[in-house]
Amino acid sequence: MSEVLSIILGGGKGTRLFPLTQFRSKPAVPFGGKYRLVDIPISNCINANLRQVYVVTQFNSASLHMHIGRTYVFDSFSNGFVEILAAEQTPEHTGWYEGTADAVRKNLLHFRSQNPSYYMILSGDQLYRMDLEDFLKRHIDSGAAITIACTGVTRENASGLGILKVDKKNQITEFMEKPGPTKDISDYKAPAELQTEKNKDDCYLASMGIYIFNAKTMEECLANELTDFGKEIIPAAISKLKVNAYLFDGYWEDIGTIKNFYDTNLELTSLKPHFDFYDEQKPIYTHMRNLPPSKMNFSNMNQSIAAEGCIITNANITNSIVGIRTIIETGSSLNGVVCMGADFYETEVQKLQNAEARVPNVGIGRGAIIKGAIIDKNVCVGEGCRIGVDDIKRVDGNYGHYWIVDGIIVIPKNTILYPGTVI
């Protein structure tokens, strides 16, 4: 496994996740109450004993730098590391990354110093748990130059993904990027032996954006001006190299939009969620904050998750995520809310200053009612606020102190909602 270099692609500006990406890169977006999106692929690597990991990003990387630096510190007796490579100017390259392949190409100088035999390319905004050790073994045993992880999807979901056609030996013979909803792709249907029970009658193999390249193959594939793996590098490679498919039949969700983010978070609160954070054998790692347990005072919580360090008093919480250090005051109600929590506890002096300035404290104030919303970190929701409760038409757009995206109300980081605010 020391011959493998893992590269996590952090994505571009993250416009589809805006305003959650207003102050942070996409991999740094909080998820599941206490994690960040980047924790998923890094944990998959660690669980497979892949300890040489680069995270490639270029936008709003300060928060990601801090999280990586605090969280993933390996011992001095191994060669393990998790490092961020942000876009940089060099004598050879002076511009931004222009795509996934361009980002890897511009960092080959750093990658070569590790002398890897294989490159594993991972995405920074997907929720899944994959046995990457088995993925690598299948790649080596097949003798392929490139292996692409793929999963079965319906025709509807295939519209916006890269679709693969494979033969009986799992070798990819054709690749189509984002066919759209109307194009006839019936000849791309997966062979019967590769279909899963859930997609038995309507199964197409979609690329997960997860690849293994032989090191020599990577150098050859990037010896050009092509900028994107899915649109350009992979289709070109299929025509001249042995490119295999690795079928992944577990849970996989692309968290690329606000709706995906919201739905995937709330799915974690179901009785039997598709993604299980309660797996002791393959845990998901994150920053160890040494916070106290959460405290519930005379509250009702139904099908919800509360992270560490919360104080919830006389509140009703249903189908919601309550993030770290969230303070919820008496009489409040949350239904279908993703609350990311806070980076700090306010001191008594700060609370006194807030009272003098008539500014609400960080957290959810007394009697606030919130429904169908995402509350980013360090938001101050004042007493008696009503968010998403009243019968109003949710039209997407920027409304100053809040956004509506995909019909979901998003309160950006550090926002102050004064007492009595109605959204």
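**View 1. Surroundings of Asp-102 in the predicted model.** Asp-102 touches Trp-96, Tyr-97, Leu-226 and Thr-227, leaving aside residues up to four places away in sequence; contact means heavy atoms within 4.5 Å. Asp-102 sits in helix α3 (residues 100–105). Helices (H or I, at least four residues) and strands (E, at least two) are DSSP runs, numbered from the N terminus. Asp-102 is buried, with a relative accessible area of 6%. Buried means under 20% relative accessible area, exposed over 50%, and partly exposed in between (1.4 Å probe, protein chains only). This is a predicted model, where local features need pLDDT of at least 70, side-chain atom pairs count only at pLDDT 80 or more, and totals for chains, interfaces and linings use all residues. Residues are numbered from 1 along each chain as its sequence is written, and side-chain values use heavy atoms, with hydrogens and water left out.

**View 2. Lys-169 in its loop.** Lys-169 lies in the loop between β9 (162–166) and β10 (172–177). Its relative accessibility is 72%, so Lys-169 counts as exposed. Lys-169 and Ala-245 are 76 residues apart in sequence. Their C-alpha atoms are 9.1 Å apart in space.

**View 3. The largest nonpolar core.** This core has 40 residues. A nonpolar core is a set of buried Ala, Val, Leu, Ile, Met, Phe, Trp, Tyr and Cys residues joined through side-chain atoms within 4.5 Å. Ile-42, Met-120, Met-130, Leu-132 and Phe-135 have the most contacts inside it. Strand β11 (residues 204–214) supplies the largest share, five residues. A second, separate core holds 39 residues, among them Tyr-54, Cys-203, Phe-229 and Ala-245. In soluble globular proteins, nonpolar side chains tend to be buried together.

**View 4. Contacts of Met-120.** Residues up to four places away in sequence are not counted here. Met-120 touches Val-4, Leu-5, Ser-6, Ile-7 and Leu-50, among others. Its partners also include Leu-132, Phe-135, Leu-136, Tyr-211 and Ile-212.

**View 5. The chain around these sites.** The chain contains ten helices and 29 strands. Its radius of gyration is 23 Å, close to the 22 Å that the globule rule gives for 423 residues, so the chain is as compact as a globular protein of that length. The radius is taken over C-alpha atoms, and the rule is 2.2 Å times the number of residues to the power 0.38. The C-alpha atoms fill a box of roughly 70 × 50 × 40 Å along the principal axes. Of the 423 residues, 52% count as buried.
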